Amino acid sequence: MNFQDTQIGQQVVRSKGDYVVGRIGEIINRDENKNRVQIAWGGNTKTWVSVNSLEPTFIPYDIVTIPGKWPKYIRK
C-alpha cells in the first residue's frame, strides 16, 4: 500500500508481521514524514504501523493459517 492511497476512516488489514497478520482496523491518523498511519484495531487498541504492512480490505484476500506457523496474507 502507498501512503498516498491512505485516508482517515479507511478499513485496512495487516498483511505483514507475525501473529498480527489478518487483523482488521481503521486508519485514524497519518504521519507522512515517517510513512506510517495510526490504526484503531478495536476496543482501546491503537498502534502506529508502516503502510508497507497494510492492504485495503476491499482488495480480495485470504488469511492462511498453518498449525505452528504465523498467519499468511495472500492476495487473490
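1. Ser15 is found in the loop between β1 and β2; strands here are DSSP runs (E, at least two residues), numbered from the N terminus. The model is predicted, so local features need pLDDT of at least 70 and side-chain atom pairs count only at pLDDT 80 or more, while totals for chains, interfaces and linings use all residues. Residues are numbered from 1 along each chain as its sequence is written, and side-chain values use heavy atoms, with hydrogens and water left out.

2. Ser15 has a relative accessible area of 12%, so Ser15 is buried. Buried means under 20% relative accessible area, exposed means over 50%, and partly exposed lies in between (1.4 Å probe, protein chains only). Leaving aside neighbours within four places in sequence, Ser15 is in contact with Val21, Asn52, Ser53, Leu54, Glu55 and Tyr73. Contact means heavy atoms within 4.5 Å.

3. In what order do the five strands of the open sheet stand? The order is β4-β3-β2-β1-β5, and the pairing is antiparallel. Two strands pair if DSSP finds at least two bridges between them. Strands of a sheet pair through backbone hydrogen bonds, either parallel or antiparallel.

4. The edges of the sheet are β4 (45–50) and β5 (54–56). Each has a single partner strand, so one side of each is left without a neighbour in the sheet. From one strand to the next, the twist averages 45°. Axes for such angles are lines fitted to C-alpha atoms (for helices, over the stretch in contact), and the angles run from 0 to 180 degrees between N-to-C directions.

5. Strand β1 can be followed to both of these partners: three bridges join β1 to β5, which run antiparallel, and β1 and β2 pair in the antiparallel sense over three bridges. Val12 stands opposite Pro56 in β5, and the bridge partner of Val12 in β2 is Gly25.

6. Val12 also belongs to the largest nonpolar core, which has 10 residues: Met1, Phe3, Val12, Ile27, Val37, Ile39, Trp41, Val49, Val51 and Leu54. A nonpolar core is a set of buried Ala, Val, Leu, Ile, Met, Phe, Trp, Tyr and Cys residues joined through side-chain atoms within 4.5 Å. Strand β3 (residues 36–42) gives the most to this core, with three residues. Ile39, a member of the core, is in contact with residues that include Val12, Ile27, Val49 and Leu54, leaving aside neighbours within four places in sequence.

7. Is Trp41 buried or exposed? Trp41 is buried, with a relative accessible area of 12%. Trp41 is found in strand β3. Not counting residues up to four places away in sequence, Trp41 touches Arg14, Arg23, Ile24, Gly25, Thr47, Val49 and Leu54. Trp41 and Gln10 are 31 residues apart in sequence and 12 Å apart in space, C-alpha to C-alpha.

8. The charged end of Arg23 sits over the ring of Trp41, 5.5 Å from its centre. A charge sits over a ring if NZ of Lys or CZ of Arg is within 6 Å of the ring centre and within 35 degrees of the ring normal. The ring of Trp48 has the charged end of Arg36 over it, 4.4 Å from the ring centre.

9. How many aromatic pairs does a search of the whole structure find? The search finds two. In the pair of Tyr19 and Trp70, the ring centres are 6.1 Å apart and the planes are at 45°, so the pair is tilted. Rings of Phe, Tyr and Trp (its six-membered ring) pair if their centres lie within 6.5 Å; planes under 30 degrees apart count as stacked, over 60 as edge-to-face and the rest as tilted. Tyr19 lies in the loop between β1 (11–14) and β2 (24–31) and Trp70 in the loop between β6 (61–64) and β7 (72–75), so the pair ties together parts 51 residues apart in sequence. Tyr19 is exposed at 54% relative accessible area, and Trp70 is exposed at 55%.

10. The rings of Tyr61 and Tyr73 have centres 5.3 Å apart and planes at 25°, so this pair is stacked. The pair links distant parts of the chain, with Tyr61 in strand β6 and Tyr73 in strand β7, 12 residues apart. Tyr73 counts as buried at 13% relative accessibility.

11. Asn35 is found in the loop between β2 and β3. Asn35 has a positive phi of about 55° although it is not a glycine. Most residues other than glycine have a negative phi. At 29% relative accessibility, Asn35 counts as partly exposed.

Terms used:
Helices (H or I, at least four residues) and strands (E, at least two) are DSSP runs, numbered from the N terminus.
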